[in-house]
Amino acid sequence: MRLLGLLAFLSGALCAQTEVDFTRQVEPLLRAKCYGCHGPAQQMSGLRLDEKAAALKGGYSGAVILPGKSAESKLILRVTGAAGVMAMPPGTKGLPEAEAELLKKWVDGGAKWPDSAAGAAPVASKRVSHWAFRAIERPAPPAVKDSRWVRNPIDAFVLARLEREGVKPAPEADRLTLLRRAHLDLTGLPPTPAEINEFLNDTDPDAYEHVVDRLLTSPHFGERWARPWLDRARYADSDGYEKDWARPYAWRYRQWVIDALNHDMPFDKFSVEQLAGDLLPKASVEDRVATGFLRMTLTNREGGVDNNQFKFENTVDRTSTLGAAWLGLTIGCAQCHDHKYDPIKQKDFYQLFAFFDKVEEVDIDAPMPGELGPYLAKKDEYRAKREALLKEYRVGEQQAAWEKEMMDTAAHPGVRTDWDLAWDCLLKLTEGGDGEKILRIAPEKRTQRQKDILTDHFIRNYHFAVGPKVYAETKFKELDERLRKLKDEYPQLTQAMTVDEAAGAARSYLRVRGDYRTLGIEVQPQVPEVLPGMEAKVGERPTRLDLAKWVVSRGNPLTSRVTVNWVWAELFGRGIVKSLDDFGVRADKPTHPELLDYLAAKFMDDRWSMKKLIRGMVLSSAYRQSSKARPELEERDPDNELIARQTRLRLPAELIRDSALMASGLISLDVGGKSVRPPQPDGVMELGYGNRWGNSWPESKGADKYRRGLYIHFQRSTPYPMLVNFDAPKANVALCRRDRSNTALQALNLLNDPVFHEAARGLAYEAMNASADWDARLEEAYLRTLGRKPTDTEKRKFETFFAKQKQLLAKEGNHLDDAAWTELSSVLLNLDEFITRE
Amino acid sequence: MRPEELFAVHNRRMFLRDCASGIGMMALGNLLAGEGRTAEIDDPLAPKKPQFRAKAKNVIFLFMEGAPSQMELFDPKPELSKWNGKALPADLTKDLKLAFIKPTAKVLGPQFPFRKYGQCGMELSELLPHTGSVADDICLVRSMYSEAFNHHPGQLFLFTGSMVGGRPTMGAWVNYGLGSEARNLPGFVVLASGVGTSAGSDNWSSGFLPSTYAGTVLRSKGDPILYLSNPEGVSDASQRLRLDMLKELNQEHLERTGDAEIASRIHSYELAYRMQTSGPELLDFSKEPQETLDMYGVKNEKTKAFGTNCLLARRLVERGVRFVMLLHASWDHHSAIVKGLKQQTGATDQPSAALIKDLKRRGLLDETLVVWGGEFGRTPMSEMRRPDDPDSIGRDHHPNGYAMWMAGGGIKGGQVIGQTDELALSVAEDKVHVHDLQATILHCLGMEHTKLTYRHLGRDFRLTDLGGQVVKKMLA
């Protein structure tokens with residue numbers, strides 16, 4: 001026993017004296033155990049251990065080797081499997097004791113690392129050769145045999161592939177199918193009987209082309225094409241979290257998108273304004289409204305929420321959304337660690353994140369045409385009345401006292417629990433601005449807007465501080481109602497949710513493991529290393545505007561490819577690259593790479609005109625093909641990768657509603673404006689917590705009940721059921737591809753929802769109104785719904801159906817034709833053909 | 001082969017291809033295992049075999065929204081009484097993240113006494129005599145912890161594994177993995193009582209999974225399922241005529257276009273019709289014996305809402321529904337906790353226990369996993385929003401140690417897992433993370449949580465995010 005002890009002592013003493021040899025002992029160990037992840041090929045968590053300088057600098061979370069201090073060196077903590085940290089190498093409990101001990105001694109001995117040490121053998125530089133990262137060049141359209149089929153270069157690319165495969169394109173769809181297809185794809189509305197007849201009678205060989213050009217100038221074009229972009233923008237009309245307060249002027253941004261598309265605003269401008277409109281020189285109100293894109297993030301007003309956490313989550317979301325909507329990169333994966341598949345490092349993510357780190361949310365006046373004059377004319381009168389009311393209820397002195405107490409509470413938390421709560425409410429419940437920020441500005445330095453925001457908050461929330469009894473004595477509840485009423489009586493300016501860049505220098509940090517509380521190394525705003533760099537002034541911190549310009553710069557290989565690809569998918573049902581939101585190394589390969597590049601290059605050459613892009617696609621022979629299945633190709637090309645036909649597409653939720661309302665003649669075709677709340681069953685709102693905070697669904701009146709689906713108020717926690725049933729996005733994150741599910745709940749929705757039943761009655765009325773003749777009525781109903789005339793078989797079937805319904809109705813004591821026509825109309829509105837773009 | 005069958009084969013092919021690219025490998029494995037069932041394969045909710053043999057087939061999740069107080073219900077803390085009215089030592093509380101109160105807030109001793117229940121002698125609050133009567137069937141976990149301390153993120157974390165929205169919820173994952181045996185009802189049904197929940201429909205969302213897997217709300221007023229009844233003035237006979245006509249015309253169009261989606265559409269209309277007829281049957285309690293109705297408290301004003309839902313939950317799993325989620329809100333007792341807890345236990349204790357007993361006597365408990373609990377727990381310290389009113393005292397949010405219970409399919413009853421420290425500040429033994437709970441629930445259903453995946457935005461997502469370990473001690 002004694003002997004053993006002595007030996008141990010001796011060996012310990014010996015070891016302490018022997019210096020660890022880096023080259024002979026440490027380097028081989030690092031090489032064997034660490035270089036795999038922290039070496040020349042990859043540097044997980046930013047750590048590289050095969051080069052002296054890099055190793056001593058450390059990784060994303062800072063230095064890992066502190067010479068002389070093994071107990072504080074992360075390298076040692078990890079390899080010894082210390083408590084509270086993830087042991088290294090991964091999947092082990094640390095290195096074997098002897099090896100860990102060796103490293104420990106080396107660190108304690110000063111981590112001596114001779115400059116001459118070899119390090120790992122350099123690996124051949126892996127220049128990224130991924131197709132999507134290569135510069136876009138415009139390929140010449142290939143030669144084809146059947147040149148008659150080629151209407152424009154798109155067809156040459158499609159046909160060349162088909163000819164290579166020995167497949168003939170599908171025949172052209174019949175004229176009426178084509179007409180309905182173009183109408184739905186360009187405006188989201190089916191053609192009217194008049195438009196159908198006009199087209200049928202138009203013998204001009206360019207008749208279809210004329211229709212397309214007419215539709216491209218329709219104000220409904222912007223409505224149809226706003227929707228896929230709003231999916232990417234995660235557009236909604238409410239906060240999202242918990243109380244899920246309505247955002248009464250979120251629509252102002254939607255309006256901007258619709259207008260921009262209708263005016264064919266070049267997509268580069270469209271992008272720059274949304275990402276950085278506020279930073280443009282002499283930014284206009286509209287430029288600022290565009291930044292509403294960055295405001296579609298969710299807001300959590302729960303008590304006690306750490307505002308820093310949600311500011312961080314929102315910045316992460318903005319960064320990820322940039323990746324999804326423009327770059328087709330799943331950069332969100334790199335929030336917590338280097339991307340597993342794509343050459344996107346965690347550092348790259350936070351360098352992009354840094355562009356958004358100074359974003360400040362600010363609401364502004366964004367008057368619509370015609371608002372300003374009446375507002376200015378009455379403004380002084382309104383202000384005077386408001387001030388008088390505030391005076392009547394002695395708000396001034398009470399608010400001053402409250403402000404003093406609030407400041408005191410903030411300085412001494414935990415003393416008065418009621419005032420603590422009042423303070424938290426100031427942070428969470430202030431409407432239209434940052435309550436704490438305003439409170440900390442001296443009253444005389446506050447803007448009128450800031451004053452109003454704080455006073456309104458004070459009046460509505462004073463009870464948190466003083467309790468219900470004192471609050472009742474102030475009669476502030478009554479005052480609040482009177483102020484709201486006064487506001488309603490006077491013309492007000494439409495507001496918009498926008499962003500600003502916060503003043504002062506920003507410092508941005510990587511967050512270790514994506515946790516907002518764990519700051520890693522400092523990072524500078526920069527675009528991902530793997531992509532061509534941005535032009536920026538030397539020595540200046542690049543701004544969000546620099547980023548926006550880079551996103552749509554000619555050198556960026558992604559934006560144009562990603563954009564033409566999703567537009568293609570809207571019109572053909574499948575992208576040239578199937579994974580619309582992923583152009584990374586694991587993306588599906590493009591089925592027609594040259595076509596993709598041709599479209600991407602041409603899009604930029606055409607000054608990013610969306611309308612030209614869409615026009616080219618819609619006029620192509622490829623687009624005009626029939627969508628009927630081709631059994632002979634079923635086996636070899638089940639997914640229609642060859643584009644050997646068009647694709648039947650179930651309409652998106654909004655367009656199903658629009659088509660039904662259009663067919664019934666009930667639709668209101670007003671473009672733009674506030675969101676509406678069409679009838680929905682009782683109890684839908686009750687399922688959300690917001691219901692406890694007064695969220696309600698005041699049903700829209702008159703024509704507003706029949707507005708297009710795009711305008712339906714989207715309450716994130718309790719969305720309109722029909723939209724959910726038909727796969728509208730949940731608007732939590734950017735969505736680049738909607739599902740087209742096929743469920744029983746959809747069937748119930750179309751069969752029984754009073755909204756659709758009303759549409760059936762409307763359609764019955766329109767059909768009966770069109771003619772006294774039964775056949776003509778049926779034809780009218782067919783034209784309005786399916787955009788074609790009934791076949792003879794269909795006519796016979798409906799005759800029988802109609803007779804049976806009438807018989808049945810008579811038995812039930814109903815002898816009117818109306819009911820039978822309504823039933824017949826309802827059948828049409830439920831047909832698969834009706835809710836499908838053929 | 002009839003056209004539908006033909007298209008079913010085609011769809012299956014499509015499905016298999018999708019599996020390779022989009023859908024997790026597990027679904028693929030099941031599909032291959034289920035060879036020979038081609039006629040049903042085009043239904044994404046067709047039942048699938050679990051990865052391994054397991055006891056539980058269905059889940060009833062009794063979600064107690066708002067965070068019930070563990071110290072008043074499940075976790076006796078006599079030591080805490082001694083601290084009543086005093087602040088805890090600063091070094092114990094300095095790292096606490098709290099929603100509303102400060103770490104210096106005064107302790108509130110437990111407000112209700114505990115008793116021993118069952119042969120196992122489980123200590124539960126006097127507020128829970130009925131739960132006590134099934135103590136031998138339940139596995140009480142006193143060592144739960146979560147990462148979220150606000151409701152909406154907490155609920156998302158419990159049901160989706162992430163605090164940020166947009167991911168599928170547990171019920172959607174389970175239906176995605178196992179399909180559903182119910183032929184005339186949705187596979188994931190949601191029932192609500194009390195007030196609305198913080199996360200609203202995020203609690204039953206399909207997230208990025210196809211919406212087929214989303215929860216369907218069974219409503220307590222109006223149509224039980226949205227749009228289940230015929231439009232006003234339309235008789236059943238007329239509806240049937242309408243459906244027959246639709247089927248005929250859709251069939252014709254199917255032949256014209258050859259698009260298999262139309263076959264699915266026909267199928268979905270038939271299912272809708274069957275739902276219309278089976279829905280009322282589901283809600284018809286007239287064949288339930290009086291004793292059963294009394295047991296659930298269906299006729300008693302206090303227990304009626306939750307009792308009705310518990311009885312419906314049993315009827316739903318009897319009909320093969322895979323995942324039933326009951327939401328009861330709210331247990332968010334920031335103030336007036338004594339009154340509030342009496343009220344909520346009064347509404348839920350008896351029906352929860354009745355559900356266990358009823359399932360058991362029908363032989364359904366073995367194959368049904370019942371889970372009871374909230375998104376986190378409450379602080380040992382008090383919250384005092386109205387210092388002038390002593391009855392207004394309550395407790396704040398506390399994710400570092402709280403309690404839930406499970407019973408039935410695959411769970412070992414009559415045991416308590418884990419414990420918190422004497423002051424209920426954190427877990428002292430056998431920590432169970434929310435991801436561990438999720439992993440365990442999936443395990444009970446025969447699914448390995450790391451293998452139930454879905455590729456989205458370039459990544460294979462799962463319910464347990466990056467964590468989760470099955471809690472073996474819970475298993476029978």
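T543(A) caps the N-terminal end of α23(A), with a side-chain oxygen 3.2 Å from the backbone nitrogen of L545(A). A polar contact here is a pair of N or O atoms within 3.5 Å; within protein, one must be able to donate a hydrogen and the other to accept it, and residues adjacent in sequence count only if both atoms are side-chain atoms. Helices (H or I, at least four residues) and strands (E, at least two) are DSSP runs, numbered from the N terminus. The model is predicted, so to speak of local features takes a pLDDT of at least 70 and side-chain atom pairs count only at pLDDT 80 or more, while totals for chains, interfaces and linings use all residues. Residues are numbered from 1 along each chain as its sequence is written, chains are lettered from A and ligands numbered from 1 in the order in which they are written, and side-chain values use heavy atoms, with hydrogens and water left out.

Helix α23 of chain A (residues 544–551) is largely enclosed by the rest of the structure, because 7 of its 8 residues are buried. Buried means under 20% relative accessible area, exposed over 50%, and partly exposed in between (1.4 Å probe, protein chains only). The buried set is made up of R544(A), L545(A), D546(A), L547(A), A548(A), W550(A) and V551(A). What do these residues pack against? Their partners in chain A are the helices α13 (267–276), α15 (307–327), α16 (346–356) and α24 (559–572), along with the strands β1 (359–365) and β2 (495–501). Contact, here and below, means heavy atoms within 4.5 Å.

Elsewhere in chain A, a few loop residues stand out. M88(A) and P89(A) are joined by a cis peptide bond, with omega at about -10°, and P89(A) sits in the loop between α5 and α6 (97–108). A111(A) is not a glycine, yet has a positive phi of about 50°; A111(A) belongs to the loop between α6 and α7 (153–165) of chain A and is buried, at a relative accessible area of 7%. E242(A) is another non-glycine with a positive phi, this time about 45°. The loop that holds E242(A) runs between α11 (219–232) and α12 (251–262) of chain A, and E242(A) is buried with a relative accessible area of 3%. S70(A), in the loop between α4 (52–57) and α5 (74–79) of chain A, counts as buried too, at 5% relative accessibility. Neighbours within four places in sequence aside, S70(A) touches I76(A), K104(A), V107(A) and D108(A).

Of the 476 residues of chain B, 65% count as buried. Among its contacts between residues at least 6 apart in sequence, 77% join residues at least 24 apart.

Helix α7 of chain B (residues 151–160) has 10 of its 10 residues buried, so this helix is largely enclosed by the rest of the structure. Just past its end, G161(B) takes a positive phi of about 85°. Q155(B) is buried at 0% relative accessibility. Its side chain makes a polar contact of 2.9 Å with the side chain of E65(B), and one of its polar side-chain atoms lies 3.0 Å from the backbone nitrogen of A199(B).

A cis peptide bond links A329(B) and S330(B), with omega at about 5°, and S330(B) is placed in the loop between β7 (323–329) and α13 (337–361). S392(B) lies in the loop between β9 (377–383) and β10 (394–398) and is buried, at 7% relative accessibility. The side chain of S392(B) reaches the backbone oxygen of R386(B) at 3.3 Å. Apart from neighbours within four places in sequence, S392(B) is in contact with H334(B), S335(B), A336(B), E383(B), M384(B) and R386(B).
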